[in-house]
Amino acid sequence: MIAMNGLANLVLRDAHPLDRPAAAEVLTAAFGNSPVVCWAEPDPAARAAQLGPYFAAMVALAAETGTVHLAITDNRIVGVALWYPRTTAGLKAHEVLDAQSLEAGPESLRRLGRLEQLLHARRPQEPHHYLAYLGVAPGDQSKGIGTALVIKHHKTLRVAGTPAYLEANDPRNRALYARLGYTDHGTPITGHGGPPVYPMQRTFAP
């Protein structure tokens, strides 16, 4: 557990099982109006109905196979980061949006499934940690909370010399990750008419 007085007494820690519902709510709110999600599902009501169960599943999956970092202030979860390790054997557990298995679902999920296939094809094959989602509650954004969450995990990666990989979903987030040492991993990916997604990577000397 890390307390950061410079950010309104922000506390960074790993999630406990009882934190999962609130963590999923933060991610749902944080991504509800993101460019990719709005492209996949233009209807705000439908987005909310689909994102809630999706992020609940993602948080549970990350807790079982990866790491869930939380940012907390005033006993309230305000930020969430989901990281997954990828080993030489590969890890497909987080790649839950399989286009083939979603053909019977709504068009929004089929769009995301097709985009996920494109993103998966670009991801590095060598061992790394993958930042699947980083979300901050809408009322708490632009305060350095997301940056603090990423730096927390970077400390672990630096000790092991393990690279990091992610996909920024808009130019603003891309600029944030660039400030944190990430560089572009190829050209942006556009999923069948959707907004560009920016694959990025960062290395650490052991």
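**A chat about strands and helices**

Visitor: Which residue in β9 is the bridge partner of T183?

Guide: The bridge partner of T183 in β9 is Q201. Strands here are DSSP runs of E with at least two residues, and helices are runs of H or I with at least four, numbered from the N terminus. This is a predicted model, in which local features need pLDDT of at least 70 and side-chain atom pairs count only at pLDDT 80 or more, while totals for chains, interfaces and linings use all residues. Residues are numbered from 1 along each chain as its sequence is written, and side-chain values use heavy atoms, with hydrogens and water left out.

Visitor: How many bridges are there between β7 and β9, and in which sense do they pair?

Guide: Strand β7, residues 183-184, and β9 pair in the antiparallel sense over two bridges, and two strands count as paired if DSSP finds at least two bridges between them.

Visitor: And what about β8?

Guide: Strand β8, residues 189-190, also runs antiparallel to β9, with two bridges joining them, and T190 stands opposite P196 in β9. β8 and β9 form a hairpin with five residues between them, and H192 in the turn has a positive phi of about 55°.

Visitor: How many bridges join β6 to β9?

Guide: Five bridges join β6 to β9, and these strands run antiparallel. A164 stands opposite R202 in β9, while E167 stands opposite P199 in β9.

Visitor: Is β6 tucked away or out in the open?

Guide: Five of the five residues of β6 are buried, so β6 is largely enclosed by the rest of the structure. Buried means under 20% relative accessible area, exposed means over 50%, and partly exposed lies in between, using a 1.4 Å probe and protein chains only. From β6, A164, L166 and A168 point one way, whereas Y165 and E167 point the other way, and all are buried.

Visitor: So what does β5 do next to it?

Guide: β5 and β6 pair in the parallel sense over three bridges, and H129 has A164 in β6 as its bridge partner. Together, β5, α5 and β6 make a right-handed β-α-β unit; right-handed means that, with the strands pointing away from the viewer, the path from the first strand over the helix to the second runs clockwise.

Visitor: Changing topic: which residues of helix α6 are buried?

Guide: In α6, residues 171-179, the buried ones are N173, L176 and Y177. Seen down the axis of α6, they fall within an arc of 95°, so they line one face of the helix, the arc being that of the directions from the helix axis to the C-beta atoms. On the other side of α6, P171, R172 and R179 are exposed.

Visitor: What do those buried residues of α6 pack against?

Guide: They pack against β5 (128-136), α5 (145-160), β6 (164-168) and β9 (196-202), where contact means heavy atoms within 4.5 Å.

Visitor: What happens at the ends of α6?

Guide: D170 caps the N-terminal end, with a side-chain oxygen 3.1 Å from the backbone nitrogen of R172. α6 is followed by G181, whose phi is positive, near 100°.

Visitor: One last thing: which residues are buried in α1?

Guide: In α1, A23, A24, V26, L27, T28, A30 and F31 are buried. They pack against α2 (35-40), α3 (44-65), β3 (67-73), β4 and β5.

Note on methods
A polar contact is a pair of N or O atoms within 3.5 Å; within protein, one must be able to donate a hydrogen and the other to accept it, and residues adjacent in sequence count only if both atoms are side-chain atoms.
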